[in-house]
Amino acid sequence: MPGPGVVPLFAPPPADRPRRRYAVAGTGHRAGMYVDALTGEHADVGELVAWLDPNPGRIDYYDAQVGRALGGDAPAGLPRYTPADLERMISEQAVDTVIVTSVDRTHAELVDRSLRAGADVVVEKPLTTDAAGCRRITRAVADTGRDVVMTFNYRYAPRNSTLRQVIADGAIGEVTSVHFEWVLDTMHGADYFRRWHREKSNSGGLLVHKASHHFDLVNWWIDDVPVRVYASGALRFYGDANAAARGMGPRPERGTGVTGDPFSLDLRDDPRLEALYLQAEHHDGYRRDQDPFAPGITIEDNMSVLVDYSRGATLTYSLNAHSPWEGYRVSVNGTLGRAELRVVERGHVDFHGDHLLDPSATPEQATEDLVRPDGHRLVVQKHWRRAEEVPIPEGIGGHGGGDAILLKDVFRRDLRLGPDPLARAAGYLDGVRAVAVGVAANESLLTGQPVLVEDLELGVPLAGDRTGTGAPGDRPAEV
């Protein structure tokens, strides 16, 4: 069972209150979390009323799922639209909120147009991929006054929120520096180099797509904003040039149908991936199982970032996408001591039987590893004291026990009983702050120079209101 304080308390919805009407924009794999929520636990407060995607095959998959959830044998038959018809969809279907789970490069446009058409937005990370996208979204928020919820699910993982509480309680004093290392293994890490993410124009690279989660955690943990960024990184493992340099020989164009290759993904091994992508690719030609050593990859797989914060703390961050194990290590130094969080999400990849792409999303399929067992540990050590382990309560759902708790806040936050002392709910400004680090890091990679965040002209002061999108009165705990 989750520990006390992990899951917010909510009032039941009033019997006469109509359900909010949601449309999903982008029906890829990530949309499934929201479809499940609105046809399951949160069906009493919200309903799906429309799909928006250029690929009808992927819409077919989710429409059939909704039909089954409603108790029928046929697809739900929800209205479907292409991105060009977003405004018409919002008007015709009286959409209250658009859930944006599309390709990253489309986020800014879909958020902007949705807000201006009269709908609120729930958007998956990252908020957008570049400074222009930030400016477009911040202008739309200012012009319309409508709501944008960022779904930073890692905030809700109890191990991460417990570290936030340790810092907020002053256990290690004023934060002076943070070291954050994240490693993706050769199952999960390689997957970013098979998909559309492999092109920086689509994703902003891993410094935006993946690391925006991590930069948001640091911003939130220490309750501060980034002011200067320096980065170094390159494509050193994946890609055709690296494969040739290591003498890997000819590679298959795609993974489906390939056996005995640890870097190939056969979409037929996962019924969901097969239905969403293999059976739908004839509509648009998109291949979900490209070879990670093929030409055309423009993102990095090894990245190091140095970030200065407004109150004087410094972050040293590294991300590696070809590790033999997956997890992260965080060390937070303060004027009174040090906190250390270590997380192993998968101790090793079993080449002969492991087809789980993201181990944090489905932790019940943990691997057995006696030397590097899956799990987490938070240790706090004050000056002149012995180290003490801080208990981490259980969560619910994937991504460190945070997904299910996040969804409660997304769909029921107006019913929450009292403010969240950890201010886990995130709004568009939190999204801008997280993206700011990745965008500045990408600029630093190009120039070789440190980048001042204010020079990016993101459209809003990062040190502005930090109330996020939680219930009235929510504020981050003081650090």
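Helices here are DSSP runs of H or I with at least four residues, strands are runs of E with at least two, and both are numbered from the N terminus. Please keep in mind that this is a predicted model, in which local features need pLDDT of at least 70, side-chain atom pairs count only at pLDDT 80 or more, and totals for chains, interfaces and linings use all residues. Residues are numbered from 1 along each chain as its sequence is written, and side-chain values use heavy atoms, leaving out hydrogens and water.

How enclosed is helix 4 by the rest of the structure? It is largely enclosed, because 8 of its 10 residues are buried (under 20% relative accessible area, with exposed meaning over 50% and partly exposed in between, for a 1.4 Å probe and protein chains only). Among the buried residues are His107, Leu110, Asp112 and Arg113.

## Packing against helix 5

Helix 4 packs with helix 5 (residues 131–144) at an angle of about 10°, their axes lying 9 Å apart. Axes are lines fitted to C-alpha atoms, for helices over the stretch in contact, and angles run from 0 to 180 degrees between N-to-C directions. That makes the two helices roughly parallel, a label for angles under 35 degrees.

On the helix 4 side, the contact (heavy atoms within 4.5 Å) includes Ala108, Val111 and Leu115, and on the helix 5 side it includes Ile137, Ala140 and Val141. By type, the contact residues divide into 6 nonpolar, 2 polar and 7 charged. Here Ala, Val, Leu, Ile, Met, Phe, Trp, Tyr, Cys and Pro count as nonpolar, Asp, Glu, Lys and Arg as charged, and the others, Gly among them, as polar.

## Strand 4 and its partners

Strand 4 (residues 97–100) sends Thr97 and Ile99 one way and Val98 and Val100 the other, and all are buried. Strand 1 (residues 20–25) pairs with strand 4 in the parallel sense over 4 bridges, where pairing requires at least two DSSP bridges. Val24 stands opposite Ile99.

Strand 5 (residues 120–123) also runs parallel to strand 4, joined to it by 4 bridges, and Asp120 is the bridge partner of Thr97.

How values were computed
Parallel < 35°, antiparallel > 145°, perpendicular 65-115°, else oblique.
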